[in-house]
Amino acid sequence: KGDLLLNQGKASEAILCYQQAVRQNPDYAEAFNNLGIAFKHQSRLNEAIACYRRALQQKPDYAAAWNNLANAVREQGNVAEARRHYQKALDLKPDFAEVLNNLGNVLMEEGRLEEAILKFQTALQIKPDYAEAHNNLGNVLQEQKKLSAAIHSYQTAIKFNPLYYRAFSNLGSACQKQGRLNQALICYQKAIELNPDYFEALNNA
C-alpha cells in the first residue's frame with residue numbers, strides 16, 4: 001500500500017504506512033528502504049539516510065539501498081562517500097544500470113570524463129532504452145566539445161522519452177554551440193512547453 005501511495009505522490013501517507021510496517025516488523029529491510037525513499041521525496045535527507053542505513057544493517061547485500069544511500073549523501077554534497085556507496089552497490093550487482101549511471105554522474109562532477117563515459121556506455125549496454133544515461137552521455141560529450149556525438153545521444157534520449165525536457169534543453173545547447181540557432185530555439189521552446197518552470201531553457205531561449 002505504501003508503494004502505491006508513493007507512486008501517487010502521497011509521500012506523507014506513504015511514510016505513515018511504512019512506519020507502521022517497520023513497527024510491526026523491525027527487521028523489514030525493504031520497508032526501511034521504502035520509508036527512506038518517501039522521506040527523500042520530502043527532502044528530509046537525514047531521516048532518509050537513517051532509514052537506508054537501518055535497511056543495510058538488516059540486509060548488507062541490499063544493492064538498491066546502497067544506491068539510495070549514495071543518492072542521499074550525494075545530495076548533501078558528500079560526493080566521495082556517495083562514490084563509495086555506488087561502488088558497493090555495483091560490487092553486489094554489476095548489471096545495475098541505474099548505479100552505473102549515477103556513478104558516471106559523480107565521475108563527471110569530479111572531471112573524470114573518460115571514466116564517466118565508460119560508466120554511461122556500460123549502463124546502456126545493459127539497458128539500451130535508458131533515456132537518462134543517453135542524456136548524461138551527451139552531457140559528457142558536450143563537455144568534451146564532441147557536439148555531433150552529443151547531439152546523437154540527446155536525440156536518442158528523446159526517442160526513448162519524448163517528454164524529457166532536460167534532453168531537449170541540452171540538445172538546444174549543443175545546437176546553439178554548432179551555430180544552428182533556429183534548431184536550438186525549437187529545442188528550448190519544446191523544453192519550456194514540457195516544463196514551463198525549467199529556468200535553464202527559459203534563460204537560453
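The model is predicted, so local features need pLDDT of at least 70 and side-chain atom pairs count only at pLDDT 80 or more, while totals for chains, interfaces and linings use all residues. Residues are numbered from 1 along each chain as its sequence is written, and side-chain values use heavy atoms, leaving out hydrogens and water. The protein chain has 13 helices and zero strands. Helices (H or I, at least four residues) and strands (E, at least two) are DSSP runs, numbered from the N terminus.

**Overall make-up**

- Along the sequence, the pattern reads α-α-α-α-α-α-α-α-α-α-α-α-α.
- The C-alpha atoms fill a box of roughly 60 × 35 × 30 Å along the principal axes.
- Of the 205 residues in the protein chain, 47% are buried; buried means under 20% relative accessible area, with a 1.4 Å probe and protein chains only.
- Contact means heavy atoms within 4.5 Å. Among contacts between residues at least 6 apart in sequence, 43% join residues at least 24 apart.

**Helices α2 and α3**

- The axes of α2 (residues 11-24) and α3 (residues 29-41) come within 9 Å and cross at roughly 155°. Axes are lines fitted to C-alpha atoms, for helices over the stretch in contact, and angles run from 0 to 180 degrees between N-to-C directions.
- That angle makes α2 roughly antiparallel to α3 (the term applies over 145 degrees).
- The crossing of α2 and α3 is left-handed, meaning that the near helix is turned anticlockwise from the far one by less than a right angle.
- Ala, Val, Leu, Ile, Met, Phe, Trp, Tyr, Cys and Pro count as nonpolar, Asp, Glu, Lys and Arg as charged, and the others, Gly among them, as polar.

**Helices α9 and α10**

- Helices α9 (residues 131-143) and α10 (residues 147-160) pack at about 165°, with axes 8 Å apart.
- That makes α9 roughly antiparallel to α10.
- The crossing of α9 and α10 is left-handed.
- Residues of α9 in the contact include His134, Leu137 and Leu141; those of α10 include Ala150, Tyr154 and Phe160.
- The contact of α9 with α10 has nine nonpolar, seven polar and no charged residues.

**Nonpolar core**

- A nonpolar core is a set of buried Ala, Val, Leu, Ile, Met, Phe, Trp, Tyr and Cys residues joined through side-chain atoms within 4.5 Å.
- The largest nonpolar core has 67 residues, of which Leu69, Tyr86 and Leu171 touch the most other members.
- Neighbours within four places in sequence aside, Leu69 contacts Ile49, Tyr52, Arg53, Leu56 and His85.

Note on methods: Parallel < 35°, antiparallel > 145°, perpendicular 65-115°, else oblique. Buried < 20%, exposed > 50% of the residue type's maximum accessible area, 1.4 Å probe, protein only.
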